[in-house]
Number of protein chains: 2
Amino acid sequence: MSAPRSRLRNVLGHLLPQPPSLPTPNDPPSPSPSQDNTATTAPPPYHLAHLSPTFFLERAASIEPDADAVYHMTAAGHPLVRSYRQVADRARGLAYYLRSRGYRRVGVLMPNTPAFLESIYGIVAAGGVVVPVNYRLKEEDVRYILEFAEVQCVFVDREFEGLLGRFRKGKGGKGVEVIVDLDTGATEGEMCGPFDEAVLEGLRIDQETGDKGWSDLVSRTVTNEDDTIAIPFTSGTTSRPKGVVYTHRGAYLAALANVVESGLNLPEGRCKYLWTLPMFHAVGWTFPWSVCAVRGTHVCLRKIDYALIWKLLKEQGITHFNAAPTVNTLLCAHKDAEVLPRPVRVTVAASPPTAHLFEQMTSLNLIPVHVYGLTETYGPITRGYMLPAWDVLPKHKKYANMARQGHGFLTSLPVRVIKQDQPEGVLVDVARDGKEMGEIVFEGNICCKGYYKDPEATRKLFAGGVLHSGDLAVWHPDGSIQIQDRAKDIIISGGENISSVALESMLVEHPDILEAGVVAVPDAHWGERPKAYLTVKEGGEGRIRGADVIEWAKHQSAISRYMVPREVEIVRELPKTSTGKIKKNVLREWAKKGTPREVLIGV
Amino acid sequence: MSAPRSRLRNVLGHLLPQPPSLPTPNDPPSPSPSQDNTATTAPPPYHLAHLSPTFFLERAASIEPDADAVYHMTAAGHPLVRSYRQVADRARGLAYYLRSRGYRRVGVLMPNTPAFLESIYGIVAAGGVVVPVNYRLKEEDVRYILEFAEVQCVFVDREFEGLLGRFRKGKGGKGVEVIVDLDTGATEGEMCGPFDEAVLEGLRIDQETGDKGWSDLVSRTVTNEDDTIAIPFTSGTTSRPKGVVYTHRGAYLAALANVVESGLNLPEGRCKYLWTLPMFHAVGWTFPWSVCAVRGTHVCLRKIDYALIWKLLKEQGITHFNAAPTVNTLLCAHKDAEVLPRPVRVTVAASPPTAHLFEQMTSLNLIPVHVYGLTETYGPITRGYMLPAWDVLPKHKKYANMARQGHGFLTSLPVRVIKQDQPEGVLVDVARDGKEMGEIVFEGNICCKGYYKDPEATRKLFAGGVLHSGDLAVWHPDGSIQIQDRAKDIIISGGENISSVALESMLVEHPDILEAGVVAVPDAHWGERPKAYLTVKEGGEGRIRGADVIEWAKHQSAISRYMVPREVEIVRELPKTSTGKIKKNVLREWAKKGTPREVLIGV
């Protein structure tokens, strides 16, 4: 068997577009240290191959075909194990199927199943683009995304087929093939669904057209590493979801960084990664690629079920998972929580975690790897590095340091915090004093390429040439950043900024409080003041009232007097996004119109 | 402080040269699955930054300035510790010094000292190219390399200043500044040498010209990631040393792969990397960058001293080192050898190791990471992955599997073995049967750019569009490769190929034999037959004679009868290159002219 020479030849095109010559306000004259370029004159650049993380699956299957690629409890409740050979074969089958139909833009509306994972590889191997869709969205939003992304085909899990109703009826759904996965675990016979049949048809096509396998697919390299690999969408809490353009190069470098930062390459044995984080969210923070890069096992999970997660943690030797602070909070509070015999690395992001949570997690041998990022940065792009020097600090200080968002990732450029009072596109760093608040901005290869079909939003996102997070932070003297709030969540009271994040962190220190969400309410005298929504720990319902919390807060040294909430309501549960962020817009709605009776427990 | 906008703007040039349109014999028509490119039309590509590993030092110093970057026993015998802040400051000083002088091509003739490490970063930060020179070369070769590479400045350790004699007297040495490092560990005062003074002058220059620090140097990005970062030279056992062109992108991707493959990112704490491998060799296999990427400690070492290495292993908590099989053989045989309390990962390459060695190492808690590569591939480019499935195999089989060279690295493309009987540039894979022998060839981003100022050698290196190793291997059914020999070392006896590597592996299984080197000798009947040169273990000198070994070899099942050496000589030591490879050309010389009396012990 000879490897595909043609592809290697094709990859040597222009990698990057022409340099822009747009002047920007704060662009000083270029010092441009001229580079001593000793290029040999002779041969074409055989040393360059365009980066693509899709190769990691083919590679894993060729090194260790019998290693477990997938462990999964199917929709039917049966355990399913697939080897790397099997998963790679199935992805390959999908790719040949898609290519035979000419589908190059494919929507995926699935929970964290093996079929989702196979789709991510199969679609890209066919030269296509993955469009993952959040299955917690309304029918209308699902339709909007699939139409806007101009998908030619949709892979859907049977459970969510109903969500396609409006899309199928709409104009954009005409002629789009919908392929249902039953998640039975079957690969042949009666239990197979249309998804499995597509796989089998693709494998037949490959067999009948020369049995070229991976060598005829997009895997080892791509035409141009700056081409699109996926378009995940933002959650769009306040506006239409936006499509975020991911490239092969960006996904590759982000996936490699995640291997190193989360330590997926264990010194002994393979990682077993539990899929608590939705794969649709920022393509699972690139972990579908990272885990295959080290031939780890993907332990799939159809939904967050804390009892099942504890069972898997205890019985399946899970080594890693990723989850938002809210998921970790509820996991730690679950009745099955137990100190694990071996450390499990938990990569935590999505909203700022509290020092309190990190202390709790650590006590259960859930070792936090604290990262921060956006859909626009392939998920994680900063990490709160645990420094050995902190080991001598008082416990509270140590966990407070861990809760900082930290420094730029290994394959990113440094993160910065810039002043907000400047004209758009003017970048002036705030003081590194841990006090001055500004906006977090990013630079480098793990920034997305832009918003799909939205040049105006893209221009704003990159105003001044950096990626704007919309998150407010302080910059500490040690160079680490710490989020204070989303720009729109900050509370301005008597001219002072109150960080809702800091206030929430303080509130969960109360022994009866489980979670806290703080928003601004109008105040005749101060302009705005904070209002807190709280959930309480099991058995705590009767024990505390809002007034008690306000009284308690007045005596906490972590906050100043003006930060004490004006109002506190205790509720059954907090409204959250699919990724576990508290929906502040809903809380603001409650504050304005009154909290719905069914969630309110007391004030 | 505002980060340097200008540099980020400068990086957006062409990354890759124009595609070549050279036809090659086996290039089928391109299937070219057209990529669905969904590029947003709006902004310039702010999401792209040119890769350079030099940033890893600046980054480490900004995250953890007080972490130990260097531990070293100076030439004067004093222990020296430098923090990341200090090493980064010194590299920065060097960079400003070099830039003020206009030096962009700098030779480095040093043992593994902190100054070497600082030079690698300082030279590149100044926009220059590192030319490391092997200090075990003859004066004439040192002169050749420095002249050929057109260096404008040389950093030299005092111990090796004498080696510059011919260079200084020659034409190419005129006007070249030679800066001596005394390796005293001093940073100011009388003990400082010229190298330290250059550092101080550079720091003054930075201070006097606006205190721009790293922001004005080449660190976060470069003008073009395909530009040259270093030109290490091949050892040139048979011909003139060749300059191998390394790029920023190649070094970056190789360094990241080494982090993952050698597991430098420990789950807990920082790695402590012991510099047994010469830094001049393939720029230390990119480990000067890999170790800084994870903020590890470089434990420097002026020379291989087995007693000192054991002392450091036992007392300094070394977690990783790299060394050739010969170094590991002598290390395991040393009188201070002891089972280490915690596993130390030893990345082994340079020449094919034996199963026997891996078994020995493992018993001492020196856990082998078996890699293979060339100076032309930035050092390691394949790894013999340890598969959990091997745990059930008989011990001997397991270690034999470990001794295979394995599969392509994470950031490489797959390695191949091609038939030798084809016209130049025609690539036909051998059968994956573990039997057919062919040449190992490489593809992808961790192949060098070519040979410096040698288009003809570069053309040959990349004949057919792949990098030719010159090493012969078989390809196993599981996709792993196993080296049989250098093309020129294979012994052809009665039409059969005899692998000198396989024969050496068999010979060291003998309880009294320490090392073995096998070469071909002319044979009237068979054409060629093997001759073995052996060293024996301590105390074994009197115990065996060559004739005994031949008799013993006849009864070993691992080899066929025709492979039994015709002659065996026992010698005091084997001739080796600076990287620990046995010099087969010297053994062939001995076989022809007679073994020198001073090394011969018996036959």
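User: What makes a contact, and what share of the contacts in chain A between residues at least 6 apart in sequence joins residues at least 24 apart?
Analyst: Two residues are in contact when heavy atoms lie within 4.5 Å. Of the contacts in chain A between residues at least 6 apart in sequence, 69% join residues at least 24 apart. The model is predicted: local features need pLDDT of at least 70 and side-chain atom pairs pLDDT 80 or more, while totals for chains, interfaces and linings use all residues. Residues are numbered from 1 along each chain as its sequence is written, chains are lettered from A and ligands numbered from 1 in the order written, and side-chain values use heavy atoms, leaving out hydrogens and water.

User: How many helices and strands does chain A have, and what makes a run count as one?
Analyst: Chain A has 18 helices and 26 strands. They are DSSP runs numbered from the N terminus, a helix being H or I over at least four residues and a strand being E over at least two.

User: Why is chain A called as compact as a globular protein of its length?
Analyst: The globule rule is 2.2 Å times the number of residues to the power 0.38, and the radius of gyration is taken over C-alpha atoms. For 603 residues the rule gives 25 Å, and the radius of gyration of chain A is 25 Å, so the description holds.

User: Why is A:A69 called buried?
Analyst: Buried means under 20% relative accessible area (exposed is over 50%, partly exposed in between; 1.4 Å probe, protein chains only). A:A69 has 1%, so it is buried. A:A69 sits in strand β1, residues 68-73 of chain A. Leaving aside residues up to four places away in sequence, A:A69 touches several others, including A:Y84, A:V87 and A:H298.

User: How much of chain A is buried?
Analyst: Buried residues make up 64% of its 603 residues.

User: Are B:A282 and B:V283 buried or exposed, and why?
Analyst: B:A282 has 0% relative accessibility, so it counts as buried. B:V283 is buried because its relative accessible area is 1%.
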